[in-house]
Amino acid sequence: PHIFLVVLESFLGSYCGFINSDLKDVTPNLNRLANSGINCTRAFALGKRSAYGLSSILCSWPVLPGFPLMSQLETQGGTETLASLLKEIGYTTNFIYGGDADFDNMKGFAIANGFDRIIDREDFLGNTPGNMWGVYDEYVFDYAETILDTSQTPVFITLFTTTNHQPWEVPENKQNLIPHFDNVRVRNPDVLRTMVYTDLIIGEFFHENESKEWMQNSFFVFISDHGINEYAGMYEDPRNAHIPFVIYAPGIISNPVTVDELTSQVDVAPTILHLIGYSKPFDFMGSNILADDYKGIACRIINDHSLWLESDFMYTEIFNQKIQLLQYSNLYDHPFTSISKNSAQFNTVQNNFHAYLQSAFFQFKTRFLGTTPRQNP
């Protein structure tokens with residue numbers, strides 16, 4: 001099957017109607033796809049910028065303190081990515097971005113690690129409408145449609161949208177189709193308008209191509225690169241990291257699935273490989289969210305602040321400064337219950353987080369640097 005991975009710029013989970021029914025008019029088309037496919041209701045972004053999100057999605061690797069994976073010299077060649085694995089089994093691999101793909105070294109990383117072709121703003125006509133970040137999303141989806149229409153091999157497309165970003169501009173030809181949300185209580189209603197625009201383009205893409213043969217033989221994956229700063233209930237509020245994660249395949253997935261377990265960006269690649277029946281070994285840190293024994297976790301790093309989520313526990317640590325464990329039933333119901341630092345539960349969750357982060361760092365050193373970290377005696 002073809003695989004069409006759409007990385008949604010700045011989509012926030014609580015703004016999506018398939019997660020928050022109060023805002024169902026923001027994403028009517030994605031609502032339909034989520035309700036007909038696999039909808040992960042508790043997905044999290046692992047970093048605060050696009051480079052961190054793309055690294056975690058394509059490499060299935062958590063964010064570590066410091067620079068994003070795709071910006072580090074050690075990953076500029078030979079890194080195992082979703083694209084490199086798919087290329088090994090005959091896929092043609094494409095990265096499409098409506099802006100300047102040299103930003104954050106996206107182009108360099110993609111070329112070095114499995115993508116056959118990188119399409120960015122230079123590949124569109126100079127008068128193609130857009131904003132400061134790139135051409136509007138409708139033209140990027142049109143480009144992807146052309147690739148699918150003409151391909152003679154299985155295709156993997158990673159499409160990174162641009163329009164849902166400051167300055168939150170909607171193109172003139174779509175102004176009359178998009179409401180203003182003046183009465184909705186959110187920090188910036190203009191964000192809802194650009195989300196509606198991207199959702200509208202997604203809807204048009206599926207409507208225009210619904211009768212094509214490739215539509216019935218494709219997986220469409222939608223996940224955000226990061227959220228936005230809407231909430232301020234606590235430092236690095238986890239609600240700002242709650243993002244959409246949807247898998248849709250009209251000719252393959254016949255029974256809708258709602259995944260209420262924790263998921264994150266590192267789980268995208270292993271789940272896709274499971275869905276296509278990939279049989280070779282691979283070295284990812286994420287998990288297949290559809291496995292019978294799946295138990296989700298999420299590990300988010302922002303500078304020296306870490307957030308670890310497992311089950312209904314939320315552990316936060318500002319490295320060398322402050323630690324805290326909270327228990328919650330719903331991310332949006334504050335306040336949370338504080339767990340004593342002297343409890344067995346606190347020690348268990350803290351140890352799980354430290355073990356995960358240390359394992360990720362150890363594997364990074366051995367996998368990307370070719371060295372073995374010095375062990376403590």
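Strand 15 (residues 322-327) pairs with strand 16 in the antiparallel sense over two bridges. Leu326 has Ser338, in strand 16, as its bridge partner. In this predicted model, the two strands belong to an open sheet of five strands, ordered 12-13-14-15-16 with antiparallel pairing. Strand 12 (297-302) and strand 16 (337-338) form the edges, each pairing on one side only.

Ser60 is placed in the loop between helix 2 (50-59) and helix 3 (82-88). Its relative accessibility is 0%, so Ser60 counts as buried, the cut-off being under 20%. Leaving out residues up to four places away in sequence, Ser60 touches Ser55, Val266, Ala269, Pro270, Phe284, Met285 and Gly286.

In soluble globular proteins, nonpolar side chains tend to be buried together. The largest nonpolar core here has 79 residues, and Leu5, Phe156 and Phe245 have the most contacts inside it. Helix 8 (residues 344-368) gives the most to this core, with seven residues. Apart from this core lies another of 48 residues, including Val6, Leu33, Val191 and Met195.

Which residues are in contact with Phe245, leaving aside its neighbours within four places in sequence? They are Ile38, Asn39, Cys40, Ala43, Val221, Phe222, Ile223, Thr263, Val268 and Ile289.

Note on methods: Residues numbered from 1 in each chain as written. Predicted model: local features only at pLDDT ≥ 70, side-chain atom pairs only at ≥ 80, totals over all residues. Heavy atoms only, no water. Core = buried A, V, L, I, M, F, W, Y, C linked by side-chain atoms within 4.5 Å. Buried < 20%, exposed > 50% of the residue type's maximum accessible area, 1.4 Å probe, protein only. Helix = DSSP H or I, 4+ residues; strand = E, 2+ residues; numbered from the N terminus. Contact = heavy atoms within 4.5 Å. Pairing = 2+ DSSP bridges.
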